[in-house]
Amino acid sequence: MTRLHPWPPLPNAVRTLLQADDSEPLNTQTDHHPRPRPWDLCALPPAIEDAVWLWLDHVAQWLNWTYGWTDDHVIPACWHQHENIAHELAALAFTRIDAYSATTPAYISRWHDDLEHFHRRTTTTLGTNSPCRQGHHNELPPRYTTTTANRAINQRPR
């Protein structure tokens with residue numbers, strides 16, 4: 001029988017955060033809950049930031065080992081340098097925890113659909129035959145285009 005690789009365990013700091021009582025309401029001034037959500041990478045406090053990013057590295061490795069049978073299903077090592085991939089990987093990782101801890105397996109097939117969508121969006125982001133999947137990071141989208149667009153947005157009359 002083949003031994004399957006175990007899902008990476010959550011870091012203790014993240015587990016504690018998720019188990020804490022969260023009865024405080026949403027802060028409408030910041031759109032954040034008083035207790036940070038570890039899947040919201042933009043709102044991670046320094047106390048858990050390193051733990052979450054390291055755990056997501058382990059998640060990417062697990063996904064590559066378990067599901068990365070073709071190049072378009074491999075999460076490149078530079079995933080953390082592509083903001084949208086990082087955000088989506090965090091969401092995918094935490095929804096897997098929810099799906100597999102449910103009292104019914106009904107959500108597992110939905111998580112696999114989410115995984116397929118993640119792979120498709122990653123390929124859309126990186127492009128086919130991406131240098132990133134060959135170990136050569138490519139900054140996408142071109143920063144010139146993004147910088148030009150943001151400058152135009154900032155210069156619009158308000």
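Analyst: For what follows, contact means heavy atoms within 4.5 Å. The model is predicted.

User: Which helices are included in what covers the buried residues of helix 3?
Analyst: Helix 3 takes in residues 83-101 and reaches 28 Å from its first C-alpha to its last, close to the 27 Å expected. Its buried residues include Ile 85, Leu 89, Leu 92, Phe 94 and Arg 96. The cover over these buried residues includes helix 1 (12-19), helix 2 (46-67) and helix 4.

User: Are the rings of Tyr 100 and Trp 111 stacked or edge-to-face?
Analyst: The structure holds 8 aromatic pairs. In the pair of Tyr 100 and Trp 111 the ring centres are 6.4 Å apart and the planes stand at 80°, so the arrangement is edge-to-face.

User: Is Trp 111 buried or exposed?
Analyst: Tyr 100 lies in helix 3 and Trp 111 in helix 4, 11 residues apart, and their pair links distant parts of the chain. Tyr 100, at 37% relative accessibility, counts as partly exposed. Buried means under 20% relative accessible area, and because Trp 111 has 1% relative accessibility, Trp 111 counts as buried.

User: What is the phi of Asn 129 near?
Analyst: Asn 129 sits in the loop between helix 4 (106-126) and helix 5 (143-155), and is exposed, with a relative accessible area of 74%. Most residues other than glycine have a negative phi. Asn 129 has a positive value although it is a residue other than glycine, with phi near 55°.

Technical notes:
Residues are numbered from 1 along each chain as its sequence is written. This is a predicted model: local features need pLDDT of at least 70, side-chain atom pairs count only at pLDDT 80 or more; totals for chains, interfaces and linings use all residues. Side-chain values use heavy atoms; hydrogens and water are left out. Helices (H or I, at least four residues) and strands (E, at least two) are DSSP runs, numbered from the N terminus. Buried means under 20% relative accessible area, exposed over 50%, partly exposed in between (1.4 Å probe, protein chains only). The expected span of a helix is 1.5 Å times one less than its number of residues. Rings of Phe, Tyr and Trp (its six-membered ring) pair if their centres lie within 6.5 Å; planes under 30 degrees apart count as stacked, over 60 as edge-to-face and the rest as tilted.
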